[in-house]
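The sequence and structure are shown first.

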Amino acid sequence: MTAELTNIVNMYENEDLSPEFIADNQSLDIVAVKAALMQSSSKYRKACGQEDENIDILNFSVDEQKRVKEGLLDIALG
C-alpha cells in the first residue's frame, strides 16, 4: 500500500473522517478517495453495503490459529 493510500485509510478508519473531508483536506478528487477506500478499507465497504457484516466468522480465532499451527507443526515433524 502506498503512503498516500495508507494515510487515506488511516484518516477514515482511525480518525473517523469522512471521504469528503479527506478529499478537501488532502486536495484530492472525491472519486479518487472513495475508490481508494473501496479498494483498501473493509470498514468503508461495510458502510457502503459492499461487504458482508458477518465476514469475520470466516476468520480464525487466536485459539484456532494456535491449534492449526500445532497441527501443521506435528505434520511437518512427524
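What covers the buried residues of helix 3?

## Basis

This is a predicted model, in which local features need pLDDT of at least 70, side-chain atom pairs count only at pLDDT 80 or more, and totals for chains, interfaces and linings use all residues. Residues are numbered from 1 along each chain as its sequence is written, and side-chain values use heavy atoms, with hydrogens and water left out.

## Helix 3

The cover includes helix 1 (3-13), helix 2 (19-26) and helix 4 (42-47); contact means heavy atoms within 4.5 Å. Helices are DSSP runs (H or I, at least four residues), numbered from the N terminus.

Helix 3 spans residues 30-40, and its residues Val33, Ala36 and Leu37 are buried (under 20% relative accessible area; exposed is over 50%; 1.4 Å probe, protein chains only). Seen down the helix axis, these buried residues fall within an arc of 95°, so they line one face; the arc is taken from the directions from the axis to the C-beta atoms. Val31 and Gln39, on the other side, are exposed.

At the start of helix 3, the backbone nitrogen of valine 31 has a side-chain oxygen of aspartate 29 within 2.7 Å.

## Aromatic pair

One aromatic pair is present in the structure (ring centres within 6.5 Å). The centres of the tyrosine 12 and tyrosine 44 rings are 5.4 Å apart and their planes are at 80°, so the pair is edge-to-face (planes over 60 degrees apart). The pair links distant parts of the chain, with tyrosine 12 in helix 1 and tyrosine 44 in helix 4, 32 residues apart.

Tyrosine 12 counts as buried at 11% relative accessibility, and tyrosine 44 is buried at 8%.

Conventions
Helices (H or I, at least four residues) and strands (E, at least two) are DSSP runs, numbered from the N terminus. A polar contact is a pair of N or O atoms within 3.5 Å; within protein, one must be able to donate a hydrogen and the other to accept it, and residues adjacent in sequence count only if both atoms are side-chain atoms. Rings of Phe, Tyr and Trp (its six-membered ring) pair if their centres lie within 6.5 Å; planes under 30 degrees apart count as stacked, over 60 as edge-to-face and the rest as tilted.
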